[in-house]
Amino acid sequence: MPEQQPLSTPAPRQRNQAIDLMRATCILWIVGFWHLLGYAESIDGYKNDVTYRVTVVVLGLFVFISGHLIGRSRITNAAEVWRFYQRRMVRIYPPYLAALLLFDLCGLLKPGQFIGAALLSASFSLEPPLTLWYISMIVVFYLLAPLLLLLVHSLGQTPWSWTSNRLVVCAGIIGLNVLLGKLLDGVDARLFLYFPSFVAGLVLSPALVEPRVRFRTIALTALATVAATLFSFHHQARIDSSLNAIPLAVFGPLLTFLVCERWGRHLRLPPLILAISTASFFMYLFHRPIFLLFTSHGFPSSAPLQLAVLLLLALPVIVAVSWKGQALYDSAVRRLQRPAAAPG
């Protein structure tokens, strides 16, 4: 999931509604379609060439947004690096560990997976935990983020074109990433599939929110996305973990982001969409145990009834529980971080 907004959630008029729209749409695709239909055993065929590629773009967009939000930060010394790690671990690790424990209690983890996942080393295994692999992966990206931010800062000191510098840096890092992905065995390929999306979001961050993105830029990105989609068909088996999907995982999210930033930044989204965006991290962490709760006993056998239970009962519960859980967690963190009152 993308990095959450600051723990003190801004008022709706202060929020970037384009990011809220993308985040809510992406989590509904993952939770309300991609994973939800896996619990409707009477329904098959929803995983196909098209939906696999959409899922690659959706997960790439989550990672891209995380990179973009981090790219707005500035790191110039060791103290700022420490604060960066501290803030993100506080936001991510305790809820992740709670989800991991719940997954273990529900039988959603394989034997031996818990320790590696708790130590955030699951991405360096060929059998990362179901669903929660994403968190282990994004933590690896966060560990590398200060180095990328220092590199971005150094680009501002060079006499060459800002845009050219960043494009060259992106291309260089992505090329190295592909090389490592091909050379290293025993590592989850998705680590190398989605890292370029994170790099692109972070390195290009300032250019992504210009007052008005040029239509020419969007058109060229659209052409690149079409080419990336066609290229992805060179590898049919499990495109969601193939390095051949890297161009799709970069240009698809970039195109989506540019379009939403140009035409959706100042939308007035319904409260439900804002709530889903706010709850997206907890929705991703806890939706499988809640789906299990609704499907483990007395679950109907017909496809229409299964869909009705999952869409009309389980999914709203996931949204409500996740929104409340995120709100309670944010409140607890604010209380812990509040400076002690000076003695009277």
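In this predicted model, F195 and F198 are both buried. The two residues lie 3 apart in helix α7, which spans residues 190–203. They are therefore separated by about one helical turn. The structure holds 19 aromatic pairs, and F195 and F198 form one of them. This pair is stacked.

A second aromatic pair joins W133 and Y134. Its geometry is edge-to-face. Here the distance is 6.0 Å centre to centre, with 70° between the planes. W133 is buried. Y134 is buried as well. Ring pairs also build a cluster. Its members are W29, F33, W34, Y46 and Y52.

Helix packing was examined for α1 and α10. Helix α1 covers residues 17–35, and helix α10 covers residues 246–263. The two helices pack at an angle of about 135°. Their axes are 8 Å apart. An angle of 65 to 115 degrees would count as roughly perpendicular, and one over 145 as roughly antiparallel. The α1 helix is therefore oblique to α10. The crossing of the two helices is right-handed.

On the α1 side, the contact involves A18, I19 and M22. These residues meet T256, F257, C260 and E261 of α10. By class, the contact of α1 with α10 comprises 5 nonpolar residues, 1 polar residue and 1 charged residue.

Technical notes: Residues numbered from 1 in each chain as written. Predicted model: local features only at pLDDT ≥ 70, side-chain atom pairs only at ≥ 80, totals over all residues. Heavy atoms only, no water. Axes fitted to C-alpha atoms, helices over the stretch in contact; angles between N-to-C directions. Helix = DSSP H or I, 4+ residues; strand = E, 2+ residues; numbered from the N terminus. Parallel < 35°, antiparallel > 145°, perpendicular 65-115°, else oblique. Left-handed = near helix turned anticlockwise from the far one by under 90°. Contact = heavy atoms within 4.5 Å. Nonpolar A, V, L, I, M, F, W, Y, C, P; charged D, E, K, R; others polar. Phe/Tyr/Trp six-rings, centres within 6.5 Å; stacked < 30°, edge-to-face > 60°. Buried < 20%, exposed > 50% of the residue type's maximum accessible area, 1.4 Å probe, protein only.
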